[in-house]
Amino acid sequence: MTAAHLAERGFVIDAVGSVAAARDALRDTAYDAMVLDMGLPDGSGVSLLTPGAPPALMLTARDRLEDRVMGLNAGADDYLVKPFDLDELEARLRAVLRRPGRRAEVTVTLGRLRFETTSLEAFAGDAPLNLGRRETLLLEALIAAAGRIVVRDDLAERLYGFNEPVTPNALDAAVSRLRRSLEAADAGVRLENRRGIGFRLCAAP
């Protein structure tokens, strides 16, 4: 339920059920943040709070002060006791992502395009763009690297969790939808395809 809620709110989620599976995922993928449970079948999520690990929000049924202090001292960025409200979880996770060193730039502009990194809203001038979840995530990645090529594998990893089926042309279809939306809104940008390599977003001449 938690993973489904966050996915509906625009997050790309890889959900695993053990410490071992989480270690495998962390080895293969660079994540923006982790939501960790202290009570996993093969151990505690606290063991994943290693140097260089992504920011972490801890979930636990334990409400003793000692447990909260232990998790925070181990490196967790925030702590939420079960049962919790899903909207509060989302708000706390976004707060973790906004902390210094994470998404420091709140508003990114390119041409007439403006992207709000905290709310994931896009505007052409003052007009909001009605983008789907995949197109929003795609735009987030491309505008953060404005003028530089973002390789296909990095984009696919950002748009699709490893449990999601991905057809060979899924990324190209998402790029086409985003390009049509930007052109229709006269956003003043150009989405370029470097065949076989990746894509880049530039200001229109």
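Analyst: Helices (H or I, at least four residues) and strands (E, at least two) are DSSP runs, numbered from the N terminus. The model is predicted, so local features need pLDDT of at least 70 and side-chain atom pairs count only at pLDDT 80 or more, while totals for chains, interfaces and linings use all residues. Residues are numbered from 1 along each chain as its sequence is written, and side-chain values use heavy atoms, without hydrogens and water.

User: Where is aspartate 186 found, and what is its phi?
Analyst: Most residues other than glycine have a negative phi. Aspartate 186 is found in the loop between helix 7 and strand 9 (189-194). Its phi is positive in a residue other than glycine, near 50°.

User: What is the omega of the peptide bond from lysine 82 to proline 83?
Analyst: Proline 83 has its place in the loop between strand 3 (78-81) and helix 4 (86-97). The peptide bond from lysine 82 to proline 83 is cis, with omega near -10°.

User: How are helix 6 and helix 7 oriented to each other?
Analyst: Helix 6 (residues 152-159) and helix 7 (residues 170-184) have axes 10 Å apart and pack at an angle of about 85°. Angles of 65 to 115 degrees count as roughly perpendicular, under 35 as roughly parallel, over 145 as roughly antiparallel and the rest as oblique. That makes helix 6, relative to helix 7, roughly perpendicular.

User: Which residues of helix 7 does helix 6 contact?
Analyst: Contact means heavy atoms within 4.5 Å. From helix 6, the contact is made by Arg152, Leu155, Ala156 and Leu159. Five nonpolar, no polar and two charged residues take part in this contact. On the helix 7 side they are Leu171, Asp172 and Ala174.

User: Which residues of helix 7 meet helix 5?
Analyst: The axes of helix 5 (residues 133-144) and helix 7 cross at roughly 85° and come within 9 Å, and the two helices are therefore roughly perpendicular. Helix 5 contributes Arg134, Glu135, Leu138, Leu139 and Leu142. The contact residues divide into seven nonpolar, no polar and three charged. Those in helix 7 are Leu171, Ala174, Val175, Arg177 and Leu178.

Terms used
Axes are lines fitted to C-alpha atoms, for helices over the stretch in contact, and angles run from 0 to 180 degrees between N-to-C directions. Ala, Val, Leu, Ile, Met, Phe, Trp, Tyr, Cys and Pro count as nonpolar, Asp, Glu, Lys and Arg as charged, and the others, Gly among them, as polar.
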